[in-house]
Amino acid sequence: MASGLLLTSPFSRAADDTFPVVRTPEAKRRFRSAAVERVISQVQSSIGNRELAWMFGNCFPNTLDTTVDFSVIDGRPDTYVITGDIDAMWLRDSSAQVWPYLPLTPQDAPLQQLIAGVINRQTRCILKDPYANAFYKDATKVSEWRSDLTDMQPGVHERKWEVDSLCYTIRLAYGYWKTTGDNAPFDDAWHAAIAKIVQTFREQQRKTGKGPYHFQRRTETQTDTVPGRGYGNPANPVGLICSMFRPSDDATVFPYLVPANFFAVVSLRQAAEILDQVSHDPILAGECRSLADEVEKALAQHAIVHHATLGKVYAYEVDAYGNYYCIDDGNVPSLLSLPYLGVVKPDDAIYQNTRKLVLSPANPYYCQGKAANGPGGPHVGMDMIWPLGLIVQGLTATKDAEIRQCLVTLQKTHAGKGFMHEAFHKDNPDKFTRSWFAWANTIFGELVLKTYQQKPALLA
């Protein structure tokens with residue numbers, strides 16, 4: 001009954017056919033995909049919830065409409081992707097933004113070339129600086145963060161070391177290869193980039209010293225700089241990989257970011273498969289697998305902690321000295337997102353305990369408000385719910401009622417804009433951050449499309 005009551009109000013608003021046209025006009029769109037347009041038409045004509053249909057039509061193509069810059073350089077596709085309201089290409093965001101389009105590439109050759117271009121540009125970015133998280137299209141452009149106390153160079157927007165940045169590039173490359181069978185992006189430069197990733201991960205295991213990376217920023221925001229004179233708080237060198245920043249671009253408290261290390265295990269094994277079958281380099285493939293095995297073993301020993309009421313859970317961050325931090329963050333990778341990234345099965349007992357933690361008041365950044373309940377995170381402060389977190393909750397949920405509730409919440413809290421935001425206040429969705437955030441828009445489209453394909457009755 002409660003579920004039915006929750007559905008009544010937002011669904012009834014979809015009946016008056018007054019949703020405004022808010023999608024970028026066709027003449028101003030950055031890229032057009034025939035396959036994406038067909039999916040939009042199919043979903044919008046098939047589902048009963050007209051407001052969600054409207055939102056899907058706005059959000060799913062938003063990356064293509066507004067953020068991509070496609071060209072051909074030296075005969076190879078090249079795609080620069082901004083995240084939205086910041087003119088820079090994050091390795092993480094650009095991968096995540098085009099990921100939902102991968103299943104459509106067999107039907108759309110230009111879309112396939114667009115994603116191949118993302119892989120090619122990411123390869124060049126990694127070879128330029130594997131420790132940087134965001135880059136400019138113009139390799140000579142000097143960043144507004146040029147005064148950061150780190151090894152900045154032109155073409156780099158920001159140099160926050162985040163393990164997941166490199167993992168995302170592998171995830172996209174592997175997904176592209178598995179979907180298309182195209183080996184073209186996996187040339188000598190890509191092979192060199194994978195070698196650079198393995199080298200960087202090894203350096204950040206910090207077994208023989210602090211490694212080459214350090215970062216400090218002159219700022220009043222604590223999470224924008226790194227303690228320990230730029231090297232982070234101490235960590236016991238047990239085989240885990242240090243990450244100085246989270247996927248939110250906030251500094252870690254303890255250097256071993258657990259979701260990112262889990263992500264690295266999966267990504268290294270994916271890289272090894274491509275190296276074996278495409279690059280024919282069993283040596284580097286073996287190095288990837290060996291490192292993955294080492295990180296996995298260390299996670300089993302140090303990432304699982306005992307919660308007073310929930311039992312065994314995955315900590316968000318650890319230092320392998322026995323200290324740990326039990327929160328979660330609205331960005332991905334998060335603890336909540338582990339099944340979405342292929343790290344654990346949805347029914348994994350420790351994950352289920354962890355899920356209960358992060359979706360409850362046991363997580364200090366879980367928000368319960370007058371307008372909505374949902375995951376938050378430190379990046380924009382207390383009481384702010386992340387649509388990304390709600391979307392990931394829906395993508396990883398196994399029960400219809402939970403999936404439906406996530407969709408209802410997202411429908412009720414877009415502030416009448418028809419798009420996702422970075423975060424909104426738990427008591428007032430009109431108080432939000434970032435009106436243009438393409439990653440959240442496109443992954444919302446992924447959630448709706450998955451629901452349409454697997455559980456269409458939830459969209460009635």
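Modeller: A helix here is a DSSP run of H or I of at least four residues, and helices are numbered from the N terminus. The model is predicted.

Biologist: Which helices each supply at least two residues of the lining of the second largest cavity?

Modeller: The second largest cavity holds about 50 Å³ of space. Its lining includes Tyr168, Arg171, Trp439, Ile443 and Glu446. The helices that each give at least two residues to this lining are H7 and H14.

Biologist: Which helix gives the largest share of the lining of the second largest cavity?

Modeller: Helix H14 covers 438–454. Trp439, Ile443 and Glu446 are among the lining residues. The largest share is 3 residues, and it comes from H14.

Biologist: How many charged residues are in the lining of the second largest cavity?

Modeller: Asp, Glu, Lys and Arg count as charged. The lining includes Arg171 and Glu446. By class there are 7 nonpolar residues and no polar ones, and the number of charged residues is 2.

Biologist: How many charged residues are in the lining of the largest cavity?

Modeller: About 60 Å³ of space lies in the largest cavity. Helices H6 (109–128), H7 (163–180) and H8 (188–203) each give two or more residues to its lining. Among the lining residues are Ile119, Gln122, Thr169 and Trp190. The lining has 7 nonpolar and 3 polar residues, and the charged ones number none.

Biologist: Is aspartate 74 buried or exposed?

Modeller: Aspartate 74 sits in the loop between strand S1 (68–73) and strand S2 (76–81). Its phi is near 55°, a positive value in a residue other than glycine. The cut-off for exposed is over 50% relative accessible area. Because its relative accessibility is 78%, aspartate 74 counts as exposed.

Biologist: Is isoleucine 350 buried or exposed?

Modeller: Isoleucine 350 is in helix H11. Beyond its neighbours within four places in sequence, isoleucine 350 is in contact with Ile304, Lys312, Val313 and Tyr314. Buried means under 20% relative accessible area. Because its relative accessible area is 17%, isoleucine 350 is buried.

Biologist: Which peptide bond is cis, with omega near 15°?

Modeller: Proline 333 lies in the loop between strand S10 (324–325) and helix H11 (349–358). With omega near 15°, the cis peptide bond is the one from valine 332 to proline 333.

Biologist: Where is arginine 434?

Modeller: Arginine 434 is a residue other than glycine with a positive phi, near 60°. Its place is the loop between strand S15 (428–433) and helix H14 (438–454).

Conventions. Residues are numbered from 1 along each chain as its sequence is written. This is a predicted model: local features need pLDDT of at least 70, side-chain atom pairs count only at pLDDT 80 or more; totals for chains, interfaces and linings use all residues. Side-chain values use heavy atoms; hydrogens and water are left out. Buried means under 20% relative accessible area, exposed over 50%, partly exposed in between (1.4 Å probe, protein chains only). Contact means heavy atoms within 4.5 Å. On a 1 Å grid over the protein atoms alone, a cavity is a set of points where a 1.4 Å probe fits but cannot get out, and a pocket is an open set with protein on both sides within 12 Å along at least five of seven lines; lining residues have an atom within 4 Å of a point. Grid points are joined across faces, edges and corners, and a volume is the space filled by probe spheres set on the points.
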